Amino acid sequence: MSSMLSAAAAFLNRTNISQNYTILSPGQTVSPPSNSGLPSLPVGPPFQAGLWNIQAAQHKLNGKRVSVWTFEKRSAEMDKLGVQAKETVLEVLKTEAAALGRLRHPSILEMVEPLEETRSTLTFATEPLTSSLQQVIPTSSMHSRNTDVSNELDEIEIQKGILQLSKGLAFLHQSAKLVHTNITPYTVLINQSGDWKLGGLSQTIPLTRPDGTPTRWEFPESHSSLPYYVQRNFDFMAPEYAIDEQITTSSDMFSLGCLLYVVHNKGSPPFRNHSSIATLKSNMQHTVQLKGMEGWDPDLRGLITQLVTRSPTHPIPRPTPETIASHTFFNSLPISTLNFLERSNFASKPREEKIAFMKGLTSVLDKFSRSLRERKILSALLEEMKDPYLLPSILPNVFVISNDLSPQQFASRVLPSLKPLFAVKEPPQNMMTLLDNLTMLQEKTDKAVFKEHVLPLVYNALESEHVVVQERALKTVPDLCETIDYAEVQSVLFPRVA
């Protein structure tokens with residue numbers, strides 16, 4: 001009887017996600033599907049986003065990577081709650097998942113598999129994630145002990161992330177007609193490409209009701225009986241909403257300013273309101289006094305001062321999601337470089353401008369962290385290698401970044417894009433660049449792969465119609481004779497040299 005009950009329980013808890021995806025073990029390296037544009041990174045540890053447990057998983061058939069979000073209805077934390085509180089928690093979590101399924105934008109967390117509910121769990125799947133923003137803020141109280149050092153933030157990643165969140169907010173405000181109302185480090189997720197994504201959509205407020213009239217303001221209550229994650233965070237709440245009873249999109253920009261302050265202040269917000277309207281009023285009643293910004297970059301201080309204000313319009317209007325990008329804080333060469341490389345932007349540029357950009361990129365790569373070079377820039381470059389006319393200017397950048405890759409990373413990320421080029425003779429500049437990096441290619445590939453895929457490059461170059469290519473290939477021969485099999489040298493290489 002007990003075995004029958006166990007089998008029945010297992011059947012009732014079975015979901016489409018559990019049947020079609022395999023949960024991956026931390027540290028496991030799994031290659032993404034070809035042409036996914038994603039790096040082949042070791043699987044990170046599970047992490048928490050509020051009440052959700054998030055684990056890496058892979059589709060059993062197509063190999064697609066996802067993050068599986070699971071909420072256990074029967075947990076120690078849930079057991080402490082009353083019946084009404086449990087119902088509220090479930091309602092909020094379901095609302096959050098439903099919003100992700102409904103709202104689609106590159107800066108909003110992408111849902112891959114819809115919410116499924118069993119007797120004991122809620123579960124859904126999103127794009128692959130590495131952490132919440134809270135976990136990568138150095139020395140913050142939630143900074144993950146398991147966080148990869150390469151995931152930690154630098155200033156360029158913060159600037160890029162704020163601009164990505166702004167684009168998500170512009171979509172929420174203009175297209176979805178919603179106010180997020182709960183932007184915090186806990187509700188911002190970081191995906192496998194290092195992009196910042198808006199999550200935590202359970203607390204959004206529509207600007208208008210179904211009949212077209214403005215949404216009625218409701219008092220922002222805080223209940224000690226409920227987990228923090230299913231309630232708005234008063235430390236990031238705009239004063240015009242909490243005090244003046246206004247529902248306005250500008251409130252999200254106040255929260256974004258608090259977020260920008262937090263990532264520069266070791267995880268501490270500008271104000272500790274302790275879930276209390278009275279304390280929030282005390283901190284915000286007349287003017288906002290921001291402390292702890294001494295020594296910060298003047299442009300950073302200026303932007304935060306414009307965002308974290310008592311009024312959305314005085315002394316000057318807060319920046320909007322559409323105007324914030326023009327602030328001097330974002331006026332830097334690395335940010336303009338990343339903007340140029342964005343798929344929608346890059347595709348619209350004429351070929352001559354793309355070539356000029358790629359030629360200049362090599363000289364600025366050292367301004368980016370290794371993480372940004374590998375996750376953002378390399379991914380963009382590999383995607384653009386489909387255009388043969390861009391290859392002579394793209395390849396030098398690819399090889400500069402590849403110097404920092406391990407042989408395993410190079411084999412999974414870069415080599416698949418290079419293999420078709422080893423047999424292509426035109427334009428000759430491609431062969432010249434590949435030959436210039438032959439030593440690195442040999443160091444990054446095992447002997448069998450080098451023999452099968454890379455050596456044909458040398459053979460094709462020796463038979464090239466271009467004398468300069470032949471000469472460059474001949475210069476590689478002495479070193480090759482010392483490193484490849486004698487039989488290969490005697491039967492294949494020497495006949496072509498002769």
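The questions and answers below go through selected helices, strands and loop residues of a predicted model.

This is a predicted model in which local features need pLDDT of at least 70 and side-chain atom pairs count only at pLDDT 80 or more, while totals for chains, interfaces and linings use all residues. Residues are numbered from 1 along each chain as its sequence is written, and side-chain values use heavy atoms, with hydrogens and water left out.

Reader: How many residues of α7 are buried?
Author: Helices here are DSSP runs of H or I with at least four residues, and strands are runs of E with at least two, numbered from the N terminus. Buried means under 20% relative accessible area, exposed over 50%, and partly exposed in between, with a 1.4 Å probe and protein chains only. Helix α7 is largely enclosed by the rest of the structure, because its buried residues number 15 of the 15.

Reader: What distance does α7 reach from its first C-alpha to its last?
Author: The expected span of a helix is 1.5 Å times one less than its number of residues. For α7, with 15 residues, 21 Å is expected, and the model comes close to that at 22 Å.

Reader: At what angle do α7 and α9 pack?
Author: Axes are lines fitted to C-alpha atoms, for helices over the stretch in contact, and angles run from 0 to 180 degrees between N-to-C directions. Helix α7 covers residues 250–264 and helix α9 covers residues 298–307. Their axes are 8 Å apart, and the packing angle is about 145°.

Reader: Is the crossing of α7 and α9 left-handed or right-handed?
Author: A crossing is left-handed if the near helix is turned anticlockwise from the far one by less than a right angle, and right-handed if clockwise. By that convention, the way α7 passes α9 is left-handed.

Reader: Which residues of α9 meet α7?
Author: Contact means heavy atoms within 4.5 Å. On the α7 side the residues are M253, F254, G257, L260, Y261 and H264. On the α9 side they are L300, L303, I304 and L307.

Reader: How do the residues of the contact of α7 with α9 divide?
Author: Ala, Val, Leu, Ile, Met, Phe, Trp, Tyr, Cys and Pro count as nonpolar, Asp, Glu, Lys and Arg as charged, and the others, Gly among them, as polar. On this count the contact of α7 with α9 has no charged residues, 2 polar and 8 nonpolar.

Reader: What is the relative accessible area of H327?
Author: H327 sits in the loop between α9 and α10. Leaving aside neighbours within four places in sequence, H327 is in contact with D299, G302, L303 and Q306. H327 counts as buried, with a relative accessible area of 14%.

Reader: Which bond is cis?
Author: Most residues other than glycine have a negative phi, and most peptide bonds are trans. P315 lies in the loop between α9 and α10 (333–341). With omega at about 0°, the cis peptide bond is the one that joins H314 and P315.

Reader: Is H274, with its positive phi, buried or exposed?
Author: H274 is in the loop between α7 and α8 (277–284). Its phi is near 50°, positive although H274 is not glycine. At a relative accessible area of 62%, H274 is exposed.

Reader: What is the relative accessible area of E245?
Author: E245 is placed in the loop between α6 (239–242) and α7, and its phi is near 60°, a positive value. E245 is partly exposed, at 49%.

Reader: In what order do the 3 strands of the open sheet stand?
Author: Two strands pair if DSSP finds at least two bridges between them. The pairing in this sheet is antiparallel, and the order is β7-β9-β10. The edge strands, each pairing on one side only, are β7 (129–132) and β10 (196–198).

Reader: Which residue is the bridge partner of S131?
Author: Strand β7 and strand β9 (residues 188–191) run antiparallel and are joined by 3 bridges. In β9, the partner of S131 is I190.

Reader: Which residues of β6 are buried on each side?
Author: In a regular strand the side chains alternate between the two faces of the sheet. Strand β6 (residues 121–126) is mostly covered, with 6 of its 6 residues buried. One side has T121, T123 and A125, and the other has L122, F124 and T126.
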